[in-house]
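Subject: Structure handover

Hello,

Please find the structure below. My notes on it follow.

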Amino acid sequence: MSVNKNIASELNTLLTVSSGINDAGGNERFKKIMLKVMSDICDTIDQFDVTDEEFWQAINYINLLGERKETALLAAGLGIEHYLDLRADALDAEQGNARGTPRTIEGPLYVANAPLSPQFARMDDGTDNGEIMWLHGQVTDTDGNPVANAIVDVWHANTLGNYSFFDQSQSEYNLRRRIQTGADGRYAVRSIVPSGYGCPPDGPTQALLNQLGRHGNRPAHIHFFVSAPGYKHLTTQINLSGDKYLWDDFAFATRDGLVADPVKITDGQIASQRDINQPHTEVNFNFTLCQA
Ligand code: MBD
Ligand code: FE
């Protein structure tokens, strides 16, 4: 069945009158957005002659996404959240802003209010025998001056690719910390080297990806929010080189300028770092904040 003009005009009536979109009250911007979304859904139904069965499959799918709390995971997997990065880049280019550290997606696994410490924190609770990671760097402005009192909010997965809070087997705020920089703009944490993430294999996001012929894996990565008074809030991540999914991330979060090289420090090279007197991995990453 090709798109039928009569059906299309009835649809328009449905959307604009029966559903109250033209009524006084409500939110004008929301009404416009809903009209566009509903028109696009109806266009898709027309273009593919969507059957009743397919319609109910879609409804059940959305319910399942909610039940499993995977809506944000799917948004990442479809690249919709990455689209916000591309828009942020375009806006920066348009405004001729000096380029700070690139934005990349937040993802679905942030938890607010992690413990706050000045300059240094240990992030792991000691129960995961992963490789020790010493992660450190400096926050500067676009002229290279240190930014004091910046808050570096860091979160990452354990060696199984799982995040505390969502994984109830981990202690509260495990692998989640906020560090406040000192006058030198520096932050440092001791933690464990994270593993990559895989979508729950029995969940609705992976089921959809399977239908697209796609995997649901992410390379090992570390998330950051970096903020300071007078600067634009930065949402970013570093992805660790050497991971097989580095440039094949199902969430499209790996970007030029956001790849970090983990360096293994073995006997004889140890000693310099506070709190670590054993072989470990060092990751150095600096952030550049743009003026607000
Ligand atoms: C993650 O850890 C993540 O960062 C994203 C974007 C999606 C799923 C898991
Ligand atoms: Fe993540």
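Strand E4 (residues 151-156) is mostly covered, with five of its six residues buried; buried means under 20% relative accessible area, exposed over 50% and partly exposed in between, with a 1.4 Å probe and protein chains only. Helices (H or I, at least four residues) and strands (E, at least two) are DSSP runs numbered from the N terminus.

Before the rest, the conventions. This is a predicted model, in which local features need pLDDT of at least 70 and side-chain atom pairs count only at pLDDT 80 or more, while totals for chains, interfaces and linings use all residues. Residues are numbered from 1 along each chain as its sequence is written, chains are lettered from A and ligands numbered from 1 in the order in which they are written, and side-chain values use heavy atoms, with hydrogens and water left out.

E4 has strand partners, where pairing requires that DSSP finds at least two bridges between two strands. With strand E5 (residues 176-180), E4 runs antiparallel and is joined by five bridges; Asp153 stands opposite Arg178 in E5. With strand E9 (residues 221-227), the pairing is also antiparallel, over six bridges, and Trp155 has His223 in E9 as its bridge partner.

His223 also belongs to the metal site. The iron ion (ligand 2) is coordinated at 2.0 to 2.1 Å by Tyr163 (OH), His221 (NE2) and His223 (NE2). Tyr163 lies in the loop between E4 and E5 and His221 in strand E9, so this pair ties together parts that are 58 residues apart in sequence. Along the chain, the donors follow the spacing Y-x57-H-x1-H. Donors are N, O and S atoms within 2.8 Å of the metal (3.2 Å for Na, K and Ca); water is not among the atoms, so sites may look incomplete. Tyr163 and His221 are both buried.

Now the helices. Helix H3 (residues 52-67) packs with helix H6 (residues 204-211) at an angle of about 135°, their axes 9 Å apart. That makes H3 oblique to H6. Axes are lines fitted to C-alpha atoms, for helices over the stretch in contact, and angles run from 0 to 180 degrees between N-to-C directions; under 35 degrees counts as roughly parallel, over 145 as roughly antiparallel, 65 to 115 as roughly perpendicular and the rest as oblique.

In contact terms (heavy atoms within 4.5 Å), Tyr61, Leu64 and Leu65 in H3 meet Pro204, Thr205 and Leu208 in H6. The buried residues of H6 are Pro204, Thr205, Gln206 and Leu209, and they pack against H3 and helix H4 (71-77). After H6 comes Gly213, with a positive phi near 70°.

Regards
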